[in-house]
Amino acid sequence: MRRRPNYLAGAGSFVWLLLVGLPLYVLLAATLRTRQDYAENGPVSLPDSFTLDNFTGAFDSGFGRYFLNTLVVTACVIGIVLLLVPPLAYAIVRSRGRATSVIFRLFLLGLAIPAQAVIVPMFYLISEAGLYDNLLGVILPTAAFCLPMSALILSGAMRDISPELYEAMAMDGASPRRMFFQLVVPLSRGGLSTIVVFSALQAWNGFLFPLVLTQSDSTKVVTLGLYNFQTAHGIDIPGLLGAVVLSMVPILLVYLFARRALVQGLMGVGGK
Amino acid sequence: MTTQITSARPAAGPRKESRRRPPASSATTVGRPGFAWALPAALFFALFAIVPLIMVAVLSFMSWDGISPPEFVGTDNWSRLVDDPVMLKSIWLTLLLTVLGVVLQTPLSILLGVWAAGHQRNRAVLSVIYFIPLLLSATAVSVLWRALLDPNFGIPADATWLFGDGNLFGEQATAIGVLAFVSTWQFTPFHTLIYQGAARAIPPVLYQAAEIDGAGRYRQFFHITLPQLRTSMITSMILMIVGGLTTFETVLILTQGGPGTDTTISAYYMYDKAFKSFDYGTGSAIALALVVASTIISLIVVRVSGYDKMRSSAEGVS
């Protein structure tokens, strides 16, 4: 049945588009303008000058280093998540034991623990472990806080593997280990890429753990760099926005390539 | 859950049957992984989330300045917090911001979600732009809006007819308005996704029946779409509430809790106490209060959304 277009909803969504698009336009335009042009003509005007100084300025104030640190944190977090979550999700989906169901509930409850709640003891633990101001001290808690959501997403994906396949493999006498590597992992590739994107987003955008658990410039990550840039050069808005744009680039690239995985994963959060 | 988008088709009945748990017996446990598979992740998570959670409870009864060893002081931190006007104000502000967030985001994300679930022509392109705020860190979003709303160089300086003197951060009412707006800007796309998935899962038969009965678009929306979105609405609102309780970067970057303590929400007050005033005991007490609040809400999430029943995403699409 052919429906006529919904004009009211279309108009509403157009307003939202403006609300999102306009700041993004200002952001991009400001980044390419000189500081003087921005200050004199205001943020919404069309640029009358073009420059890449805002980007190079960001690199001059250390963003190259921050990028490298964030990259290390993100890669390690993904590594830990990929090492720990697939076996966990496999056990959640396939194990009949009571212990596993207790563990699953633990992770569900963990979904509720905000990072702020544990930041004081985390600071204590990380300092006692000698990991304060060390990237490893950021990586470990960040990875831990990726686990509940990743477990939820991946176990959801693994549950869609048909039971007949397990039965067929069991018939052949396959061990749980063999089933895991030959059946579960290959068939949950979609779920795996979702948790990779999800953890990457978490790690790349993380703020509180680096804020509290690192101190020196050599361990600073991109989000902290932005925060410090703002406190230090609050008046150089185009420079600041240049840094904001740079901080977004990798995530936007991931989004372009893995949009489906990301959107599905985030949609999964809502559940039914 | 990951198949939310594609699971618009109703679940096949027989599959549902086969997923029902048979009583555990030796025959069904053959070839099944033991709980050892879950152990490494569980231990790691326990060490970095559960242990600190227990510690925060213990620390809330201690005095600790971060240098000398923590010292047991009983309920001192708690009794001081109960009498602390800033703490009471912060609770009120946290609630206010949370409620504002729910009130602003819920209608907006339902409308956008339902719209995005339809078959509009430019939807693919639009949704790419729509969802960009979702990808940005709270830090980037806050820094961006702090710059855009700067009293001297931002939009308010250009549009004085709308913003008056333009210093939105100088007054409590406008500062709170900015915080609520920025959270809405950042999180509406996420909730839109939830509703989009749920709206796609509504069986088209319902609409066809309503059409035959001559119900218009708006009646269909209020009598079919909204009731069908009920579960998602609860999940989404609970996520908004938990998110609202734990807002932090936005406040740290946009207002620093100010003017004065006019936007000092509890999470920010916790940070301020612990890491700026080096009163980690009081900070822990505030953190514990946050945990309790968000745990209660999440227990409701788990109950309402049925996650704890370990169901497949393909089941029970209604």
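Over the face of which residue does B:Arg146 lie? B:Arg146 lies over the face of B:Phe169, 4.1 Å from the ring centre.

## Basis of the model

This is a predicted model in which local features need pLDDT of at least 70 and side-chain atom pairs count only at pLDDT 80 or more, while totals for chains, interfaces and linings use all residues. Residues are numbered from 1 along each chain as its sequence is written, chains are lettered from A and ligands numbered from 1 in the order in which they are written, and side-chain values use heavy atoms, with hydrogens and water left out.

## Charges over rings

A charge sits over a ring if NZ of Lys or CZ of Arg is within 6 Å of the ring centre and within 35 degrees of the ring normal. In chain A, the charged end of A:Arg94 sits over the ring of A:Tyr166, at 3.6 Å from its centre.

## Aromatic pairs

Over all chains there are 27 aromatic pairs. Rings of Phe, Tyr and Trp (its six-membered ring) pair if their centres lie within 6.5 Å; planes under 30 degrees apart count as stacked, over 60 as edge-to-face and the rest as tilted. The planes of A:Phe67 and A:Trp204 stand at 55° with the ring centres 5.9 Å apart, so this pair is tilted. A:Phe67 belongs to helix 3 (residues 53-94) of chain A and A:Trp204 to helix 9 (residues 189-205) of chain A, so the pair ties together parts 137 residues apart in sequence. Helices (H or I, at least four residues) and strands (E, at least two) are DSSP runs, numbered from the N terminus. Both A:Phe67 and A:Trp204 are buried, where buried means under 20% relative accessible area, exposed over 50% and partly exposed in between (1.4 Å probe, protein chains only).

A:Tyr90 and B:Trp37 make an edge-to-face pair, 5.0 Å centre to centre with 80° between the planes. This pair crosses between chains, from helix 3 of chain A to the loop between helix 2 (26-29) and helix 3 (39-59) of chain B. A:Tyr90 is buried, at a relative accessible area of 0%.

## Helix 11 of chain B

Helix 11 (residues 172-200) of chain B has 29 residues and should span 42 Å at 1.5 Å a residue; its end C-alpha atoms are 41 Å apart, which agrees. The expected span is 1.5 Å times one less than the number of residues.
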